[in-house]
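Q: Here is a model to read together. Where do we start?

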Amino acid sequence: MVREVSYVVVFVSLMFSGASRSFAEESSRPSIVVGRVMKADGTFSGSMRIAFDGPNIKSIQPALLDVEWPGADQYDSGVAVPGLFDVYSEVGAMGSRDENSYAVDAAANAVDAIDIYHRQIQQALAHGVTSMLIAPASVNIVAGAAAVVRASGRHGIEVLRDDGPLVFAFGAGVYQRDREPTSRMGAAAMLRRITADANDGRGHQRLQAFVKGTMNALAVCQSPQDVTVAANALRDNLGHVTFVHTSDVHDLSFEMEAARAVVVGPLTFDMSSRTLSAAGEWSKAGLKVALAGQSPRYSFDSLRISAALAVQYGMSPAKARQAITSVPAEIAGVADKVGSLTPGRFGDVVIFSDDPLRLDAKILAVYVGGRRVHPGQARLAKMMKETR
Amino acid sequence: MSTKLFRHRGYGWHVLLALLNCVMLPGFEAIADKGEASEVIVYADHIYIGNGQTVDDGAVLIRNGEIVAVGTDVKSAKGATVVRIKDASVTPGLIDANAAIESSDLMTRPLGRRSPRAVLHDLFCPRHVDKISVGCCGSRCSRSLQHANGEACRECGFPNAAPPLEVGNRSWPTDVENSSEVIPHTRVLDAINLRSPDFARLAKGGVTTVFAAPDSSAVIGSRGAILRTAGPMKERVVRAEDAVKATMGTEPSWRGGRNQMPWRSRVTFLTRRPTTRMGVAWIFRKAFYDSILHDKGKELGGADTPPRASLGALHQILAGEIPLRIQARQQHDILTACRLAKEFGLSFILEEGTESHKCLDEIQAQKVPVIFGPLYIDAPGSRRFSTEVGGSLLHTFQRLLEHGVPTALTANELRDEDGLARQAMYALKMGVSFNEVLRAVTQTPSRLLRIDKEVGTLEKGKRGDLIVWQGRPFDADARPVVVMSGGRIVVDKRPS
Amino acid sequence: MTAMKRIMWCGVIAFMLNGSAVSASPPAKLALQGGRIIPVVGEDIAVGTILIENGKIAAIGKDVEIPYDAMVVDVSGQVLFPGMVDVHSSRGLDIRNEPLPVTPFLDVYDAFDPSKLYFEDALRDGVTSIHVIVANNCVIGGLSRVVHPIGITPDEMTQDVHTSLKLSIAPKRRSDRMVQMATLRETFLELSDYLEDLAETKYEESLEDKDEKIDVGPDEAIERGRKLIRSDDYDDKHANLVKLTRGKLGAFVYCETGGDVSRAIKLAKDNGFFDRMTFVLGAACYKAAAEIKASKRPVVLGPELIYRERNAITGEMTETFVPEVFADARIKFSLLPNPNGSLGERYLNYQAARCVRNGVTRKKALSSITINPAKALGMKDRIGSLEVGKIANIVVFSGDPLDFNSWVDQVYVNGIRAYSRETDVRLNRLFGDETSETQSEDDKDKIDEEVPAKDAVEKAKSAAPVGDKIDAETKGTDESKQGS
């Protein structure tokens, strides 16, 4: 109930503030015609016309390219992809989400750390990233609830969920020198105690909801052993746990088999091949794999770089495209709103000059809620002129 | 021509990788497939059963990971995997009853005698090592690579948190819980990286089962785990929660926590007792005393009260449900351990026992088994920094055996050239008979770990954990050529 | 602490006793009879005799005629092996390197301490020749010296003086490779400048003496002056370098990584000491095996025999057993003991056994601790094997030298018994013989009866291969021994 209210309040307030400003700047077009469109399964269809209805997608229908479509933005060689989703991001919240006084801080909300008008949002849009999951920093064993946000225009972001997955954190960041736990051993003992308490009906309601299976969780793990510890301590609810783990895949973690999904990334060029092949290995083993960009700590392009590297090291291209769009949306619990180009979802579309897995593909335009937010009108005109 | 050559080279690479995987990664998929033939037969000139008996010119037959026959006329079904090398001897897989597993993400323990820096060099590229000296956040942080201005380092938390101790010393001591001196509610398994290369090194040295020992930094430490060093990950953990390790002597007062030295004269929750031997004994006594009070329903209070979470485990130790081990090196520490145990009616296993030759009668009288080792003249590894090792003599192990004390031999943190097989070699040189030595690294530890129904000797019905040696086992020029765990070949050094 | 001190004192006393034995007049003729002989050079002799005359091996073989006046020592059941050679050791020095980078004028003679426990240990471990040399943390270290581990003064210990100079290609601490190489080049450049100056001065001096004036060009003056330089004209700083560049001194050149090898070769060729260079190699140098082989220079492998590296592709740790690589490449090498070894690697013969364990042939392994280091020191005519005419440095092992259960029972240096395990105070103490501390010479016989270590070892020796059955047999022999 609280969620709905806050959602409506935020949305309405955005409609009247930031959003109205962008109306004035942009000429809103009712449709886009594009050479290829990414389907829900990660592959491409032929040329299509995407029509908007308010902020949502109204329809996607086959369209001939040779024809001039009146009133439509036309990208004959373009590739339309759902707005990219960074499932482990810090946009607008850097430096203000690492309170570590209490090792168990289930009541913390990442949404409280976000500056919804932060300049990084514009930067994200310029790289095609339109939605993010922002988790509390992994410095507490129970770090709090993640926030799921989406860009609502050129400047602002809209909160889709303020009670996203509950975040459990493992690894060096959790072991502090001025409070318990100071070691992985202590952290694991503590977590077992907490979950046992929650099973007995004690502790924060989010923890209780998690052990009942009504709330999903992210387990942020640093080393493979953290995964083992997490899997062991959370074993009764593994189906609701998504592992965030970017270390090497020494062997396929049997611990993760029962997990809901796994988040890998960002993958960078200087990682070992064993780490780079992790996404492919897990994907082949039937796990749902999302790739994270950790923007803005890493470049906003790291999502695409990660996907390209994952493909180079064994992931199928379609799965890799899903791993930066629909799978993150699913993990964040907002698959009904973003993450794929389907009528009824938000009209968040990125037009690339080629397959986004190709790193030489340029971003031609970014649409948020059916309105073009990048590049601006003047810049677009200049670009068009140059390409001709 | 050139393309052909290239293709060939590429192919060779894959073969090499595959081979590497087979040798280096026991537990890797490939090895599981390879070793999973339902029947394996191992021929050898000498089969040392481990209980003192020897079979000459015989064979060991393993079916579905279990030994089904040992003898001179053992026959296998068609299609069985055959292991037959020249001049072969077979012993049971070795068991280290007190192995310190490299337990952190960086290698924090001195690896044998090599400098931490050298270890880091092996683990990372030199470029990374060079960066370790001072990170860009100004701290001695190993991974302070990319982080934004004005923000805490994402790895070490600097400047919000105290920087980690110098890397290589103890940077991420994931097995040292500093919040209390009484932590039997924690498990060392949580601190250990099951994928640590340490296990492969152990397996290579013929060690197939270990008791992963907790650190000695707490008076009443955490619970050890019994693990296999090779085989599929799912089968690695034999017992997740085993004995609790207590420590006498000086180590709890200086290892791990900084009991005496608050960081930059800041008093933190780490600044606490004990700082002396007396303090160690006091905390041990107080913990059990409080546990008894708690059982009686009394309120606990006062300094050094054990954490609430530990009371359950303390109760179980008193009730004899959790075995207790006490590490003591010097004579008076051993005697203190005996005294404290008597006080609370506890039975325990003595670890290390460096000076136990000085108090054999007490050890014998109280029927204390000993896990002795490693053997040394000049203390190796982390013991080099200890003040408790000066009284080490070469005959202690032999004396313990002569007095009928059940004694297992351990290499603790030492590997390779000082590993368990080499410890056995030293023991032989120091005058212990072959059968006694073999027993001290197989049957005796299996009994002390209460896994003797499963491993420890080569008998029908036990697990197929064995070593095929070329030459006489433990000899200087003999080495494990094939190591099997549960009937799977996990180390294979046979010339192809 | 006091206990430790006491042990050390005992060691020192025992050592001095051993030492004093040297100065006593040795028996002129000595026959070691009935042992298995492993001469390293040549075939093994199953049962044979070595005849020693005046400190040299006079005869060796199955049937050696023993002169009537020779003292006969029965070594039946034991193994005679050449005294081993520790070819690169700085453990006799208190401080192993000067902080100064270029110190060719130093001499280990001024620094090594005969009372160091190390020398006593060396004897106990069967090492009879030790090349004392400064450690690797230098640019140009000092002069080295070959000693045997007996004697009370450095002079008594000396076997060979001023054999080699130490150089290091690997950077001195807190320096880098560029600075290291620059310093080395600069040193030799400065040397040639110095020589020119000296020659010029000499020439001018000679003119003054003759009191005549002939104008020649500077080049000619230097050329003429060079002929006038006598060997004592060089100052201390340069004298050894001059010797080095003229091939009159050996050079032990330390290389840490494979890349250092080619730099070492170039430096040696440029400055005229290539023919007398010996490589001292870090474990990583195995990668340059081909280059090392082509240079045909002797090789000394560092104490660390296993090279560990993280595989760049798989991220896995790979281990390379370095001597195996050299053996496969047919490069002769010498081994060093690892002084930090807790128990095993301290022994040279164990290092050789490790090689056998890892696939090096037995012959190569045995050579690497005896004749190969002797060759590297240029002393192959005198030490490193059991051959007629060589110095009688002989180790009597209780069993095969590559069997770790063998003990060094006796050591002969220059034909004189320098060590006997029965009277080894420190060893007995480590085996828990509390009485041995207070033993005097007079009680020696008593120890012989009571040494527990000996019995125990014999028990282990024979019991090891077969098990319980033999245990009983051993007891039998023990009894029979007591009976006799």
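Predicted model: local features only at pLDDT ≥ 70, side-chain atom pairs only at ≥ 80, totals over all residues.

Q: Which residues of helix H5 of chain A are buried?
A: An α-helix has 3.6 residues a turn, so residues three or four places apart point the same way. In H5 (residues 205–212), A:Leu207, A:Phe210 and A:Val211 are buried (20 or more other C-beta atoms within 10 Å of a residue's own; exposed is 12 or fewer, partly exposed in between; C-beta atoms are placed from the backbone). Their arc around the axis is only 90°, which puts them on the same side of H5(A); the arc is that of the directions from the helix axis to the C-beta atoms. Helices (H or I, at least four residues) and strands (E, at least two) are DSSP runs, numbered from the N terminus.

Q: What follows H5(A)?
A: A:Gly213 does, with a positive phi near 90°.

Q: How do helices H4 and H5 of chain C cross?
A: Two packed helices are described by the angle between their axes and the distance between the axes. The axes of H4 (residues 177–210) and H5 (residues 218–228) of chain C come within 7 Å and cross at roughly 85°. That makes H4(C) roughly perpendicular to H5(C) (65 to 115 degrees; under 35 is roughly parallel, over 145 roughly antiparallel, the rest oblique).

Q: Which residues make the contact?
A: Contact means C-beta atoms, placed from the backbone, within 7 Å. H4(C) contributes residues including C:Glu196, C:Glu200 and C:Tyr203, and H5(C) residues including C:Ile222, C:Arg224 and C:Leu228. By class, the contact has six nonpolar, two polar and five charged residues.

Q: How is chain C divided into domains?
A: The domain assignment gives domain 1 (2–83 + 384–483) and domain 2 (84–383). Here 29 residues of domain 1 are in contact with 32 residues of domain 2. On the side of domain 1 that touches domain 2, H1(C) supplies the largest share, eight residues.

Q: And chain B?
A: Chain B has 14 helices and 18 strands. Of its 496 residues, 56% are buried.

Terms used
Residues numbered from 1 in each chain as written. Chains lettered and ligands numbered in written order. Domains from an automatic or database assignment. Contact = placed C-beta atoms within 7 Å. Axes fitted to C-alpha atoms, helices over the stretch in contact; angles between N-to-C directions. Nonpolar A, V, L, I, M, F, W, Y, C, P; charged D, E, K, R; others polar.
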